[in-house]
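Work through the exercises below with the sequence and the model in view. Each task is followed by its solution.

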Amino acid sequence: TIGGAVSIVTCQPRFDAASGRARAIYGSRDSIELAAAANLPLGEQLALRVSGFMRNQDGWARNFYTGRTFGDVDDIG
């Protein structure tokens, strides 16, 4: 969308055991993408779920006059 979008993805918390997952991707133009999530039970009816990601990629072109690159990606969430 032009103005932005909100994505809500639900996942039932687990109260019986801690769990987690991670993903790492490496691609062209030194593209790196990391994502991780963890589920931590805090009691019989309470759990904490945290997640995060990082994306980084070199640009696809360079301005020879200024030295700036175009198309760089540097996202954290």
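Asp-72 is partly exposed, with a relative accessible area of 46% (partly exposed lies between buried, under 20%, and exposed, over 50%, with a 1.4 Å probe and protein chains only). This is a predicted model, in which local features need pLDDT of at least 70 and side-chain atom pairs count only at pLDDT 80 or more, while totals for chains, interfaces and linings use all residues. Residues are numbered from 1 along each chain as its sequence is written, and side-chain values use heavy atoms, with hydrogens and water left out.

**Exercise 1.** Locate Asp-72 in the chain.

Solution. Asp-72 sits in the loop between β5 (69–70) and β6 (73–76); strands are DSSP runs (E, at least two residues), numbered from the N terminus.

**Exercise 2.** Find the salt bridge of Glu-33 and say which strands it joins.

Solution. Step 1: a salt bridge needs a side-chain nitrogen of Lys or Arg within 4 Å of a carboxyl oxygen of Asp or Glu. Step 2: the partner of Glu-33 is Arg-23, with the closest N and O atoms 2.9 Å apart. Step 3: Glu-33 belongs to strand β2 (residues 31–41) and Arg-23 to strand β1 (residues 19–27), so the pair ties together parts ten residues apart in sequence.

Definitions and conventions: Helices (H or I, at least four residues) and strands (E, at least two) are DSSP runs, numbered from the N terminus.
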